[in-house]
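I keep these notes as a record of what I looked up, entry by entry. I begin with a term that the later entries rely on.

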Amino acid sequence: MARRFDAGLMLLLAATAALMALALALVFLNAPEEKVMGAVQKIFYFHVPIAAMTFLAVFVLLAGSVGYLWTRRAVWDHVSVAATEVGLVFCTLVLITGPIWAKPAWGVWWTWEAKLTTTLILWLLLAGSLLARAYATAPDQAARIGSILGVVAALDVPVVYKAVDWWRGQHPIVFGAGKTDPLAPGMGSALMACMFSFLLLFTLLVAARARLAALEGQLAALEDAAARAR
């Protein structure tokens, strides 16, 4: 079973690398340069999929958190740990790529508008969850605290998504109901390739981290049994 899982991870790694290479080629060799913003607009192809993967990570975290609080089974907490760490990485990248685009577009690196502020709150919740886990005195306590903070983080996601609609701000709304396709030929295929490549990368990272969390749990159980036997 473990060998099949590891083989699956290697296959997923190869597929991710191949699709990522295709996505980079489409972005930098095929997609046209946007007339107003120029080359800096190409951050869009990475910023949007990374933001989508952040939301997906929190949805997986919510499932793991509810699953653990309901059943107290460790496998759900392994999923939560993986989703929290991967979600924090993607959320960090959102907060890095956003200002790189904002500076030439808005003239400032950061504004305290609702969408950016609620995204920062999401980052703090994910980081706080990992910090609380690190300082917990027992594995069950860490899992319960992480699960509760995971549910709280999930409540922030719809607020981030609807922040521009509710409170306006400078953040653009590229896609949405009633909007025509704003992408020129070549842009849509580049965005889709980036989206699927980041989805494969997300799946790979969550699966590998959940596997590692399971192995860490088994090692801790063996160490505890050995200590009791002395």
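Predicted model: local features only at pLDDT ≥ 70, side-chain atom pairs only at ≥ 80, totals over all residues.

**Entry 1: a surface patch.** I looked up V89, which is placed in helix α3 (residues 74-106). Its relative accessible area is 47%, so V89 counts as partly exposed. I then found that V89 belongs to a nonpolar patch on the surface, together with L93, I96, I100 and W109. The accessible area of these residues together is about 460 Å².

**Entry 2: another residue of α3.** I turned to H78, which also lies in helix α3. H78 has 17% relative accessibility and therefore counts as buried. Leaving aside neighbours within four places in sequence, I recorded contacts of H78 with A210, A213 and A214.

**Entry 3: helix α1.** I checked the length of α1, which has 29 residues (2-30). At 1.5 Å a residue the helix should span 42 Å, and its end C-alpha atoms are 41 Å apart, which agrees. I listed its buried residues as L9, L12, T16, M20, A23, L26 and V27. These buried residues pack against α2 (44-71) and α6 (187-229).

Entry 4: The largest nonpolar core here has 24 residues, of which Y45, F46, F90 and F202 touch the most other members. The elements giving two or more residues to this core are α1, α2, α3 and α6. Helix α6 gives the most, with 9 residues. For F202, again leaving aside neighbours within four places in sequence, I recorded contacts with M53, L56, A57, V60, V86 and F90. I also found a second, separate core of 13 residues, including L88, A154, V157 and V160.

**Entry 5: salt bridges.** How many salt bridges does a search of the whole structure find? I counted 6. In one of them, R209 meets E85 at 2.6 Å, N to O. This pair links distant parts of the chain, with R209 in helix α6 and E85 in helix α3, 124 residues apart. R209 is buried at 16% relative accessibility, whereas E85 is partly exposed at 27%. R209 also meets E216 in a salt bridge of 3.7 Å, N to O. A further bridge joins D224 and R228 at 2.9 Å, N to O. D224 and R228 are 4 residues apart in helix α6, so about one helical turn separates them. D224 is partly exposed at 40%, and R228 is exposed at 67%.

Definitions and conventions: Residues numbered from 1 in each chain as written. Heavy atoms only, no water. Expected span 1.5 Å × (residues − 1). Buried < 20%, exposed > 50% of the residue type's maximum accessible area, 1.4 Å probe, protein only. Contact = heavy atoms within 4.5 Å. Patch = residues over 30% accessible without salt bridge, like charges linked within 9 Å, V, L, I, M, F, W, Y side chains within 5 Å. Areas by Shrake-Rupley, 256 points an atom, 1.4 Å probe, with all protein chains shown as cover. Salt bridge = Lys/Arg side-chain N within 4 Å of Asp/Glu carboxyl O. Core = buried A, V, L, I, M, F, W, Y, C linked by side-chain atoms within 4.5 Å.
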